[in-house]
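User: I would like to go through the terms used for this model and see what each one rests on. Please set the values against the definitions.

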Amino acid sequence: MSITSSPREGFEIEDHSENTVVPGLIDIHTHGYKGTDSMGSDLNSILKWASAITSHGVTGIFPTSVSASHRNVVHFLDRISEVIEEPNHNHGAEILGSRLEGPYINRIKAGAHRREYIRTPNEFEINDISSFHSANLKIVDLAPEISGATEAMKKLVRKGVIISAGHTNANFEQAKSFFSSGVRLLTHFYNAMSGFHHRDVGMVGAGLLLPNFSLELISDFKHTAPEAIDIAVKNKTWRNIILITDSMSATDLGDGNYKLGDLEVEVVDATCYIKGTRTLAGSTLTLDKAIKNLFEHGYDLSEVIGSATKNPAELLGLNDRGVLEPGYRGDLCLLDNEMNVVATYVRGEQVFDSEKP
């Protein structure tokens with residue numbers, strides 16, 4: 001069902017004048033939710049994830065991998081394709097495709113990726129994922145400075161895959177060369193990348209200075225300070241920013257011990273760390289909370305909302321959603337005055353109501 005300015009006769013008209021109606025939220029970078037991990041869960045668990053996440057206004061997600069063996073990467077890709085092709089897939093947020101965050105990244109900026117799985121791209125693996133397992137592969141993260149990255153990028157781009165530069169120690173010239181070749185996204189900006197220095201501004205400087213690509217931001221104010229977000233917004237404007245969660249299976253479950261892929265993670269005060277360290281390992285952020293944080297920081301909803309709706313839709317070529325205009329899909333989220341989700345609609349059908357258990 002689509003948005004219309006002329007409702008047909010026989011349909012009940014609902015009055016939501018006390019709420020703010022926005023397009024459904026799209027999360028292009030999420031590793032899991034409420035006990036479901038993208039790498040290790042079965043079809044039914046992922047369908048439950050897609051259903052439950054609508055309570056946060058989300059109508060589309062990209063399950064995202066972590067670095068793993070090629071066999072497990074292929075298993076992940078095939079399982080997400082299986083879920084997308086499942087007839088019952090339409091009962092929650094739409095699974096829009098899969099994303100590979102690793103293994104083709106830089107060990108120096110591994111973050112919460114197990115170093116033994118990080119490697120340079122080789123011809124067999126790239127051919128395998130781009131030819132035989134690529135039906136629903138939409139985004140691949142690469143570190144531009146590692147051996148084979150440029151060749152891998154060119155092959156994947158020819159297959160229609162979006163390349164995001166991430167977990168990288170690239171200097172400015174390496175970053176500039178990579179972006180001029182068609183990179184369209186920068187993974188969780190500021191995090192796991194070469195920082196700004198006045199003699200070499202690194203990947204952070206490239207992100208702030210160069211045009212024609214988008215920055216991902218995690219606005220939990222743990223991965224990225226509010227002031228760092230302000231700097232990114234002043235340089236890139238909201239038009240070139242995409243809010244993400246980088247969420248893991250602990251989200252909405254509370255503190256404790258969890259796994260991100262096969263990595264042991266400890267959640268303390270809703271913050272995720274590699275167990276025994278203070279290295280961040282994903283988040284427990286939800287996309288509605290990301291927006292609420294920015295609203296409370298002082299941004300107007302009209303400024304921010306496109307970074308979780310229109311911008312990711314346009315990046316992915318989803319021309320039927322992301323804005324509230326006649327003819328677009330009825331993917332909607334209703335917010336109260338405090339930016340809490342009241343209801344969520346997918347294809348015009350209500351899939352979440354805050355007043356119902």
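User: What makes the space of about 210 Å³ a pocket?

Analyst: In this predicted model, about 210 Å³ of space lies in the second largest pocket. A pocket is an open set of points on a 1 Å grid over the protein atoms alone, with protein on both sides within 12 Å along at least five of seven lines; a cavity is a set where a 1.4 Å probe fits but cannot get out; lining residues have an atom within 4 Å of a point. Grid points are joined across faces, edges and corners, and the volume is the space filled by probe spheres set on them. The lining has 18 residues, and G111, A112, H167, H188 and L280 are the closest to the centre.

User: How is the lining of the second largest pocket divided by class?

Analyst: It has seven nonpolar, nine polar and two charged residues. Ala, Val, Leu, Ile, Met, Phe, Trp, Tyr, Cys and Pro count as nonpolar, Asp, Glu, Lys and Arg as charged, and the others, Gly among them, as polar.

User: Why is H167 called buried?

Analyst: Buried means under 20% relative accessible area, exposed over 50%, and partly exposed in between, with a 1.4 Å probe and protein chains only. H167 has 4% relative accessibility, so H167 counts as buried. H167 is found in the loop between β9 and α5, and its phi is positive, near 45°, although H167 is not a glycine.

User: How do you know that the buried residues of α4 are on the same side?

Analyst: In α4 (residues 149–158), A149, A152, M153 and L156 are buried. They cover an arc of only 100° around the axis, so they are on the same side of α4; the arc is that of the directions from the helix axis to the C-beta atoms. On the other side, E151 and R158 are exposed. The buried residues pack against α3 (123–132), β8 (137–142), β9 (162–165) and α5 (172–180), where contact means heavy atoms within 4.5 Å. Helices (H or I, at least four residues) and strands (E, at least two) are DSSP runs, numbered from the N terminus.

User: Which residues line the largest cavity, and how much space does it hold?

Analyst: About 70 Å³ of space lies in the largest cavity. Its lining includes D27, W49, T245 and L287, and β2 (25–30) and β5 (58–63) each supply at least two residues.

User: Why is the protein called as compact as a globular protein of its length?

Analyst: The protein has 10 helices and 18 strands. Its radius of gyration is 19 Å, close to the 21 Å that the globule rule gives for 357 residues, so the protein is as compact as a globular protein of that length. The radius is taken over C-alpha atoms, and the rule is 2.2 Å times the number of residues to the power 0.38.

User: What limits apply to these values?

Analyst: The model is predicted: local features need pLDDT of at least 70 and side-chain atom pairs count only at pLDDT 80 or more, whereas totals for chains, interfaces and linings use all residues. Residues are numbered from 1 along each chain as its sequence is written, and side-chain values use heavy atoms, with hydrogens and water left out.
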